[in-house]
Amino acid sequence: GMLEGYNFSVRGGSERFSFFASADQNFERGVFFNNQNGRKSGPFNVQFTPLDNFDGALSVGYSQINTQLPLNDNASNGLLRNAYRGEPGRDANWEPGYLNLAPREINQVDNVTDDDRFMMSLTGSYRPAEWFTSRLIVGVDQLARLAYDFVRRDTTGRAPFGQSAANGAIDRRRADNKQYTIDFANTVDIDVNEDWSSATSLGMQFNARRYHAVSGSGEGLVA
């Protein structure tokens with residue numbers, strides 16, 4: 001298939017500040033009729049040290065992925081499986097060389113998944129004394145996924161995907177997955193002597209996850 005990709009990045013900063021940002025776009029078309037994958041992404045990172053005893057970092061990322069897959073693999077009506085099981089001289093239901101459905105019918109299936117993902121993390125470290133450090137990390141990860149299958153109305157009168165889908169069928173599923181994390185720790189460092197040192201940490205961690213999914217299907221399309 002065809003591969004196509006573009007990338008843009010920029011970085012800069014000073015003694016107490018630095019940043020990096022990039023944008024990527026990639027597209028891949030498979031060897032089958034309805035097979036492709038597209039991706040757009042853009043990370044952004046910032047590091048800053050406003051004070052000698054305080055530093056922080058911010059990381060943000062976003063990606064958008066579109067994937068279209070053909071009816072294939074081990075599916076009973078898949079393209080390769082029907083081609084492998086076809087026999088020369090054998091009466092074919094739809095097209096010579098294929099056991100069951102032919103490419104014309106198989107390629108009518110539209111199976112697409114869209115992903116939108118956003119990630120962010122913020123880190124801060126504070127050192128009021130050489131032996132004491134406080135660190136806080138906050139993170140967010142959000143993924144929204146939409147998957148849908150579509151079969152157009154049958155115009156042959158033979159219902160290749162069954163009578164229930166002969167008048168067209170559509171199935172949509174949407175899932176939202178959100179995760180939140182907070183990590184806080186205080187660390188005390190003590191040098192016992194030139195050969196021994198100790199580090200004692202006390203902190204807490206919080207994790208939360210929210211998942212929501214909804215699906216719907218319909219049969220008998222107007223057009």
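A: In this predicted model, Ser 22 is in contact with Phe 8, Ser 9, Ser 41, Gly 42 and Pro 43, leaving aside neighbours within four places in sequence.

Q: What makes Phe 8 count as a contact of Ser 22?
A: Contact requires heavy atoms within 4.5 Å. Phe 8 is listed among the residues in contact with Ser 22, so the pair has heavy atoms within that limit.

Q: Why is Ser 22 called buried?
A: The relative accessible area of Ser 22 is 13%. The term buried applies under 20%, and therefore Ser 22 is buried. Ser 22 is found in strand E2.

Q: How do you know that E1 and E2 are paired strands?
A: Pairing requires at least two bridges. Strand E1 (residues 2-13) and strand E2 (residues 17-29) have 12 bridges in the antiparallel sense, so they qualify as a pair. Within this pairing, Asn 7 stands opposite Asp 24 in E2. A hairpin of 3 residues joins E1 to E2.

Q: Why is Arg 172 called partly exposed?
A: Arg 172 has a relative accessible area of 41%. Buried means under 20% and exposed means over 50%, with partly exposed in between. The value of 41% lies in that middle range, so Arg 172 is partly exposed.

Q: Where is Arg 172 found, and which residues does Arg 172 touch?
A: Arg 172 is found in strand E7 (residues 169-191). Not counting residues up to four places away in sequence, Arg 172 touches Leu 146, Ala 147, Tyr 148, Val 214, Ser 215 and Gly 216. The C-alpha atoms of Arg 172 and Phe 150 are separated by 8.7 Å, and these two residues are 22 residues apart along the chain.

Q: Is Ala 159 buried or exposed?
A: Ala 159 is buried, because its relative accessible area of 14% falls under the 20% limit. Ala 159 lies in the loop between strand E6 (132-151) and E7. Its phi is near 50°, a positive value in a residue other than glycine.

Q: What is the radius of gyration of the protein chain, and what would a compact globule of 223 residues have?
A: The protein chain has a radius of gyration of 27 Å, whereas a compact globule of 223 residues would have one near 17 Å. The C-alpha atoms fill a box of roughly 90 × 40 × 35 Å along the principal axes.

Q: How many helices and strands does the protein chain have?
A: The protein chain has 2 helices and 8 strands. From the N terminus on, the elements run β-β-β-β-α-α-β-β-β-β.

Q: What share of the residues is buried?
A: Buried residues make up 22% of the 223 residues. The protein chain exposes about 14,800 Å², of which carbon and sulfur atoms supply 53%.

Conventions
Residues are numbered from 1 along each chain as its sequence is written. This is a predicted model: local features need pLDDT of at least 70, side-chain atom pairs count only at pLDDT 80 or more; totals for chains, interfaces and linings use all residues. Side-chain values use heavy atoms; hydrogens and water are left out. Helices (H or I, at least four residues) and strands (E, at least two) are DSSP runs, numbered from the N terminus. The radius of gyration is taken over C-alpha atoms; the globule rule is 2.2 Å times the number of residues to the power 0.38. Buried means under 20% relative accessible area, exposed over 50%, partly exposed in between (1.4 Å probe, protein chains only). Accessible areas come from the Shrake-Rupley method with a 1.4 Å probe; for residues, only the protein chains shown count as cover.
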